[in-house]
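Have a look at the structure first, and then we will go through it piece by piece.

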Amino acid sequence: MSTLELWPIGNCQVSGLIDEAGALVWGCVPRVDGDPTFCALLRGDKGQDAGTWRFELENQVSATQGYVRNTPILVTRLEDANGGIVDVIDFCPRFERLGRTYRPIAYARIVKPVKGSPRIRAILTPMSGYGSHLAQITHGSNHIRYLVERNTLRLTTDAPVGYILDERYFRVERPLHFFLGPDEPFVGDVSHELETMRLLTQSYWMNWVRGLATPMDWQDAVIRAAITLKLCQHEETGAIVAALTTSIPEAPGSQRNWDYRYCWIRDAYYTVQALNHLGALDVLEKYLAYLRNIIDDAEGGAIQPLYAVSGGREIIEWEAKDLAGYRGMGPVRIGNAAYYQIQNDCYGQIVLPSIQAFSDERLLRPATHDDFASLERVGEMAWKTHDQPDAGLWELRTRTAVHTYTSVMCWAACDRLANAAEHLDLTERADLWRDRADTIRATIDEKAWHEIEGHTAGGHYAASFGGSQLDASLLQMVELRFVDAADPRFQSTLEAVQNALRRGEHMLRYDNEDDFGLPETAFNICTFWLIEALHRSGNDEEARRLFEAMLSHRTKSGLLSEDMDFETSELWGNFPQTYSLVGIINCAGQLSRSWRDWR
């Protein structure tokens, strides 16, 4: 059972995590990589009375939760010892208004009495300065202002303001409405406006889900993963963050605490790939716009592994000393030093999602010849770096190597550019990129292959040129179309990877020591990669068994974090993790029965 029982809400501008008691314990303002106004999740042993927003039911005995169908609108039902019941409805408004998408920096909460005579009190304690101090307060007759740094928030409510300020219990005899948003007068009656917002937000999400091309099997899992992936996009710029949190450790007390609230080119590629399988082109289109700006700003064509959601390049890493960490397991890191690493696989991960725009007639903005010329600059970097050492996709901080996964991604960049050039009738450019792809392929086959005397296929692909060690990213060689699943070289690699890295129903990234010692937890996306490889190899029975096992480890909200204890199946790492949700979507799509089978 996971201790990461959190329920995401959001509107693609702001997001939050609600805990099992219905408390908002994580939320950054004005965007996902901002100051955590609600930071109780990482306050550790300091207690939960600061950096939170919760409604306490007097003499409470239970709390149950669930999303409104096909939405990120959460309903938490609280029941007291006398049978009194209230529902707390949480959402971030999102809908079309006056020709624009309304997605304010705001959290909306509605408390509805259901049964008996329930009494609640509201604890609302936003913080500033990364947990360093409580926000100062001013108030009026129906609002309270919280002076958080750079973004004063205003709570507008039809509940008694005095009760909220005094944190006093009071009886709930009618629905109460709370809108914590921009510091500006709230227009209209708050009860009417919030009920309207709730219905419009519900309608928006249900219609978005209605447009998804979901597989027949595991629909609920796929839909929840898709909604949450969309919440990980900062729609203003199109950036997609790797997770909504920072510094939830990959393993207990491991110091592997990282800030994932930024746009990794790699993670975003996998996210748009998965959503594209479902037909969610809105996310792809916005992300491609983000990429075009990244390419335009690249100095000499060099691309960083990650960027701020604004597109900013500098993401200085530092420690928030006033936050003790998840369950007291610090440090809490803000920023991520990986931004200045060399990770050459990112060139392929820019080219691959961009290529679709040259042939997909559904897109509002098809790619142009100018876009191709711009993308070729990225391809040039893939060509130049395909056999050069880098930190690799696992972002090792103290050593480099020529990683096979990186080289395969550089091959894919050249291969797909050749495809695009052929589509655009640019014969000379197509020939150039095809020749380069062939050269990289030959290099990989020569230098990444590890010979083993007497081995069925003569050996296996290794994680790096000239090496013998394995890592789970080798399983992506089929997905990237570098080799066929039936190729004996891939089958011997699959066997070797399983023998080295599989731990029961789970997969490690690698089993050699890194900057922090030996890995202590499995990496969830690697397990999904194994499932895909098994399926493509014709072993659907084992693939489906492992997939069902992974689904059984999801939180009550239907989600996964980055890592999992391969002995206890406890979830660790930042949450919700886009990689892991991508795995749910991709595996469900590959393993599901066809809709024709049902009809």
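Which residues in H6 meet which residues in H7? Tyr347, Ile350, Val351, Ser354 and Ile355 in H6 meet Leu375, Val378, Met381, Ala382 and Thr385 in H7, where contact means heavy atoms within 4.5 Å. By class, this contact of H6 with H7 has eight nonpolar, two polar and no charged residues. Here Ala, Val, Leu, Ile, Met, Phe, Trp, Tyr, Cys and Pro count as nonpolar, Asp, Glu, Lys and Arg as charged, and the others, Gly among them, as polar.

Helices (H or I, at least four residues) and strands (E, at least two) are DSSP runs, numbered from the N terminus. H6 covers residues 346–355 and H7 covers residues 369–385; they pack at an angle of about 145°, with their axes 9 Å apart. Axes are lines fitted to C-alpha atoms, for helices over the stretch in contact, and angles run from 0 to 180 degrees between N-to-C directions.

## About the model

This is a predicted model, in which local features need pLDDT of at least 70 and side-chain atom pairs count only at pLDDT 80 or more, while totals for chains, interfaces and linings use all residues. Residues are numbered from 1 along each chain as its sequence is written, and side-chain values use heavy atoms, with hydrogens and water left out.

## H7 has another partner

H7 also packs with helix H8 (residues 404–423), at an angle of about 150° and with the axes 9 Å apart. Phe372, Leu375, Gly379, Ala382, Trp383 and Thr385 in H7 meet Cys410, Ala413, Cys414, Leu417, Ala420 and Ala421 in H8. This contact has 10 nonpolar, two polar and no charged residues.

## Helices H12 and H13

H12 (residues 524–536) and H13 (residues 540–552) pack at an angle of about 155°, with their axes 8 Å apart. The two are therefore roughly antiparallel to each other (angles under 35 degrees count as roughly parallel, over 145 as roughly antiparallel, 65 to 115 as roughly perpendicular and the rest as oblique).

## An open sheet

Now to the strands. Eight of them form an open sheet in the order E6-E7-E8-E11-E19-E17-E16-E15, with antiparallel pairing; two strands pair if DSSP finds at least two bridges between them. At the edges are E6 (60–67) and E15 (136–139), each pairing on one side only.

Within the sheet, E11 (residues 107–115) and E19 (residues 176–182) pair in the antiparallel sense over five bridges. Val111 stands opposite Leu176 in E19.
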